[in-house]
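Here are my notes on the model, as promised. Have it open beside you while you read.

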Amino acid sequence: GAPDDPRRVVSPFHRFLLVGPPGTSKSTTAEAMAQSLGYKKEIVGASSLLGAYRSHTAINIPDLFKRLRENKKRQRRTMLIINELHKLFEGHTNQHTDHAESAMCFWEQLDELERHDRSIITAVTANHVDKFPPELKGRFRGQWILMPQLSGEQFLKTFDNIVARDRSIRVDDAVRES
């Protein structure tokens, strides 16, 4: 569509999807990204957006984004981290649930945020995306970070590299010697 067409899909530059099995440090990685960029973190569990009644989730999602934009007016740049997003859309193809409506509501909010407030980055984590609607997957195209399960040795090596590069981390010499 034309650049001013409100239906066009906005570039996903300010969105990231971290995907991998439980225990692969998806949430920790998202938090580290926020810290590295100097962004305030707003962390939300996707299951906290689930409504008790039909269509209530589709009300909770815009409320979250509205609150985020209002808070943003008083604070610095923000990274919204939504953990376990797959829990919102596991039944999106079942017409007896409100997951399809929730999915549409979520991607509309992402697009709206991208159009009007690029100082807010959205990072979402998911164990899998097989149940995500194609439209939602498309919103993160090119911005997927696949998180593999690390062996113990790989994890320690990664941790050592982080500690060696991050000057804000202080390791007591007694700990290094043990």
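1. One cut-off first: a residue is called buried under 20% relative accessible area, exposed over 50%, and partly exposed in between. With that in hand, S25 counts as partly exposed, because its relative accessibility is 29%. Bear in mind throughout that this is a predicted model.

2. S25 deserves a look for its backbone too. Its phi is near 65°, which is positive although the residue is not a glycine. You'll find S25 in the loop between β1 (15-19) and α1.

3. E84 sits in the loop that runs between β3 (78-83) and α3 (86-89). At 31% relative accessible area, E84 is partly exposed.

4. Now to α1 itself. This helix has 12 residues and spans 17 Å from first C-alpha to last, close to the 16 Å expected at 1.5 Å a residue. Which of its residues are buried? They include K26, A30, M33 and A34. These four cover an arc of only 95° around the axis, so they lie on the same side of α1. The spacing makes sense: an α-helix has 3.6 residues a turn, so residues three or four places apart point the same way. T28, Q35 and S36, on the other side of α1, are exposed.

5. Next, the largest pocket, which holds about 700 Å³ of space. Its lining is made up of 22 residues, and T28, T29, A32, T158 and I162 are the ones nearest its centre. Two elements, α1 (26-37) and α6 (152-165), each give two or more residues to that lining. Which element gives the most? That's α1, with seven residues.

6. Last, the aromatics. How many aromatic pairs does a search of the whole structure find? There is one. The ring centres of F65 and F106 are 5.9 Å apart and the planes meet at 70°, so this pair is edge-to-face. F65 belongs to helix α2 (residues 57-74) and F106 to helix α4 (residues 99-116), so the pair links parts of the chain that are distant, 41 residues apart. Both F65 and F106 are buried.

Terms used. Residues numbered from 1 in each chain as written. Predicted model: local features only at pLDDT ≥ 70, side-chain atom pairs only at ≥ 80, totals over all residues. Heavy atoms only, no water. 1 Å grid on protein atoms, 1.4 Å probe; cavity = no way out; pocket = protein on both sides within 12 Å on 5 of 7 lines; lining within 4 Å. Points joined across faces, edges and corners; volume = space filled by probe spheres on them. Phe/Tyr/Trp six-rings, centres within 6.5 Å; stacked < 30°, edge-to-face > 60°. Buried < 20%, exposed > 50% of the residue type's maximum accessible area, 1.4 Å probe, protein only. Expected span 1.5 Å × (residues − 1). Arc of directions from axis to C-beta.
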